[in-house]
Amino acid sequence: MKLATVAAAGMLSLSLYTTNAAAKYEFTNYSGSGLSSQTVQCLQCHQKATPFVVNDWKRSKHFYNGVGCYECHKSDATNPAAYEHYGFTISTLVTPKQCSTCHPKVAKEYMDSIHAHSGLISQEAEAKAGGNFSVIVLKMLGWSKNKIIPHQNSYGQSTWQDIVNDPCWPYAGVPANLRTPRPTAAAVIKIFANWGCYSCHGTKVSIVKKLPDKVVFDLRTWPMTGAGTINPDGSLGNCAACHPFHSFRLKIVRVGRGACGRCHESEDHPNYEMFGKSMHGAAFLSQCNEWNMDAPAIKAGVDYFAPTCATCHMGAVYKGDKMIYAPTHNPAAICKWKLGMWKLIFVRKAGKPHPALPSVKYPTDGIKNRERAFAMCTQCHTKQWAANCLIGGDLTMGVLDYIRKMAFQVERDLEKAGLHTPLDRKIVRDIGAMAVRPTEIAMFHYAPGYIWWDGIYKVAFEFVEWLETSVAPRLGVDYASKYVSWIKSYEEKVKRYRRRHHIED
């Protein structure tokens, strides 16, 4: 089998590496290429039916190593997502289970990581919150999950017929609770949640309809390509979340924006924006076109000259010419802290249960991960330089979590007094998710504005503004001044001013 693959690679290389790009894509003489007969049959049709897919595959190492359509898409009747396609049993979904046939070590590292479990974790957290992420919006608006939302514009005109008469409608996987001109609010807002949060965390892919020659997936669960997708074949994860099909170029992953930045961005975890505004990001964005980002294991100072998300979190680490840490598919391999939660932080311990889903255990230890991080940084920097950056971040965690804990306590006291509203939950969540957590992340990504103005300044400001303008009128200035001392003295100044100027309440 290996000899056949090598022979195929050689034949393809001889015929294609010497030609220009256009000629490579026009190459269609697959019969003598060493590709499997099944893949050759696929290509005879798909070269015309889906030329983009075929040409993208021709840019991949799969192509040069004789791995084709059938090898990746073949399936059997045990897979709920399998169907018959011109005499072959295949699945549109290619899952880590299939990838592990050729990449067992990589697939295991990934499937053991928190990344691959992020769908299960978020769905467990969602269940505890009351059913799905829509409850966050529904509670804020004061709507029940069964509130009817008619398909109408602001003039009261129905838009339903223009939806069902759309040429796309027959092909869409529309679940029963959305096939109505008057769906419930929860059913519609679930689309936002799945195309938003779960598009990165990973949906549980569900099937609306299965025919002998076709599987129709629920539009709320596919094609989101989340890192923690729960697949119909029982596997967790989605390799294409980071390695977009069908070229699977390593460069796409390593440049950061192509894979990591798609999800690790926006207000609650602006990792990519932070990277782009760091000195690392400045070096990358100005000269990455000169670097070798497609090699199997790339070396700092040889193949690249500033780290990206992938080189830091997953890349090989060298000491001189010796590789001391191999590349990994556990993106948290350098992470000492667990920062990606809006309620708490902690140092990772191998085997420690995940707070949201105790059946998931952390695969690595935070201190051991820091050893790798230190070795990674000192490929380019002195030990003091790297240590100052890493320990500086460590020492800020206490004050950030202290402010967050105060916010949680104030919320509990409002609940005890019967004065809590959904907006209080939103504010506390924002302090944790949109202020504290991003600042914690920023301390290890070195973007000045995200550390200060969008960082500790924002954390302090949002907490104090809430206490002064919202909590003090309900629980009193004496209570609020326990957390912010000037609120009481300010209130007394206002009273004196009003008395002096004869201003009545």
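K458 is buried, at a relative accessible area of 16% (buried means under 20% relative accessible area, exposed over 50% and partly exposed in between, with a 1.4 Å probe and protein chains only). The structure described here is a predicted model, in which local features need pLDDT of at least 70 and side-chain atom pairs count only at pLDDT 80 or more, while totals for chains, interfaces and linings use all residues. Residues are numbered from 1 along each chain as its sequence is written, and side-chain values use heavy atoms, with hydrogens and water left out.

The chain has 24 helices and 10 strands (DSSP runs numbered from the N terminus, helices being H or I of at least four residues and strands E of at least two).

Salt bridges come next. Side chains of opposite charge can pair when their charged atoms come close. The whole structure holds 17 salt bridges (a side-chain nitrogen of Lys or Arg within 4 Å of a carboxyl oxygen of Asp or Glu). One of them joins K458 to E267, at 3.1 Å from N to O. This pair links distant parts of the chain, 191 residues apart, with K458 in helix α22 and E267 in the loop between α15 and α16. E267 is partly exposed, at 48% relative accessibility.

D394 and R370 also meet in a salt bridge, at 3.0 Å from N to O. Because D394 lies in helix α20 and R370 in helix α19, the pair ties together parts that are 24 residues apart in sequence. D394 is buried at 11% relative accessibility, and R370 is buried at 13%. Within helix α21, D430 and K426 lie four residues apart, about one turn of the helix, and their closest N and O atoms are 2.7 Å apart in a salt bridge. D430 is buried at 15%, whereas K426 is partly exposed at 36%. Salt bridges with shared partners also join K336, R370 and D394 into one network.

Elsewhere, S235 sits in the loop between β4 and α14 and is buried, with a relative accessible area of 7%. The side chains of S235 and T95 are joined by a polar contact of 3.4 Å (a pair of N or O atoms within 3.5 Å; within protein, one must be able to donate a hydrogen and the other to accept it, and residues adjacent in sequence count only if both atoms are side-chain atoms).
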